[in-house]
Amino acid sequence: MKLVLAIVSNDDSGMVSAALTKEGFAVTKLATTGGFLMAGNTTFIVGTEDDKVDQVISIISKQSSRRTQLVPSATTMDVGMYSSFPVEVTVGGSTIFVLNVDRFEKV
């Protein structure tokens with residue numbers, strides 16, 4: 001048995017949740033916050049059999065897309081003034097961890 005932890009952008013979380021549930025996977029959702037952009041994320045916890053891990057990853061990949069976004073960035077000038085200019089960063093997509101499960105009980 002495997003435990004899949006998937007960190008997904010809030011923009012994609014509804015589609016990921018619906019797709020996993022539609023395929024019969026039991027999903028737990030946690031509200032999380034990313035460290036880089038301090039943007040909202042959703043962490044999905046899915047317990048599944050070893051042979052279904054690739055299916056879970058495929059579903060998550062299809063429903064969470066990477067895209068670029070402009071975010072403000074501040075810089076300091078020599079005279080102590082601050083200037084803000086947008087920087088393009090890649091957001092979205094998903095980060096997925098697959099862990100071995102030694103024991104699973106549902107009580």
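This note walks through a predicted model of one protein chain, point by point.

1. **Basis.** Because this is a predicted model, local features need pLDDT of at least 70 and side-chain atom pairs count only at pLDDT 80 or more, while totals for chains, interfaces and linings use all residues. Residues are numbered from 1 along each chain as its sequence is written, and side-chain values use heavy atoms, with hydrogens and water left out.

2. **Layout.** The protein chain has two helices and six strands. From the N terminus, the order is β-α-β-β-α-β-β-β. Helices (H or I, at least four residues) and strands (E, at least two) are DSSP runs, numbered from the N terminus.

3. Of the 107 residues, 26% count as buried. Buried means under 20% relative accessible area, exposed over 50%, partly exposed in between (1.4 Å probe, protein chains only). Among contacts (heavy atoms within 4.5 Å) between residues at least 6 apart in sequence, 64% join residues at least 24 apart.

4. **Core.** The largest nonpolar core holds 12 residues, among them Val-4, Val-8, Val-16, Phe-44 and Ile-60. Two or more residues each come from β1 (2–9), α1 (10–22), β3 (40–48) and α2 (53–63). Such a core is a set of buried Ala, Val, Leu, Ile, Met, Phe, Trp, Tyr and Cys residues joined through side-chain atoms within 4.5 Å. Leaving aside neighbours within four places in sequence, Val-8 contacts residues including Val-16, Phe-44, Ile-60 and Gly-93.

5. **Helix α2.** Val-53, Val-56, Ile-59 and Ile-60 are buried here. Seen down the axis of α2, the buried residues fall within an arc of 130 degrees, so they line one face of the helix. The arc is that of the directions from the helix axis to the C-beta atoms. Cover for these buried residues includes β1, α1, β3 and β6. Asp-54 and Lys-62 are exposed, on the face turned away from the buried side.

6. **Surface patch.** Ile-7, Phe-97 and Leu-99 form a nonpolar patch on the surface, with about 240 Å² of accessible area together. Patch residues have over 30% relative accessible area and no salt bridge; nonpolar side chains (Val, Leu, Ile, Met, Phe, Trp, Tyr) are joined within 5 Å. Areas come from the Shrake-Rupley method with a 1.4 Å probe. Phe-97 sits in strand β6 (residues 94–100). Its relative accessible area is 43%, so Phe-97 is partly exposed.

7. **Salt bridge.** The count is one salt bridge, defined as a side-chain nitrogen of Lys or Arg within 4 Å of a carboxyl oxygen of Asp or Glu. Arg-103 pairs with Glu-105, the closest N and O atoms being 2.2 Å apart. Arg-103 is exposed at 67% relative accessibility; Glu-105 is partly exposed at 46%.

Terms used. Patch = residues over 30% accessible without salt bridge, like charges linked within 9 Å, V, L, I, M, F, W, Y side chains within 5 Å.
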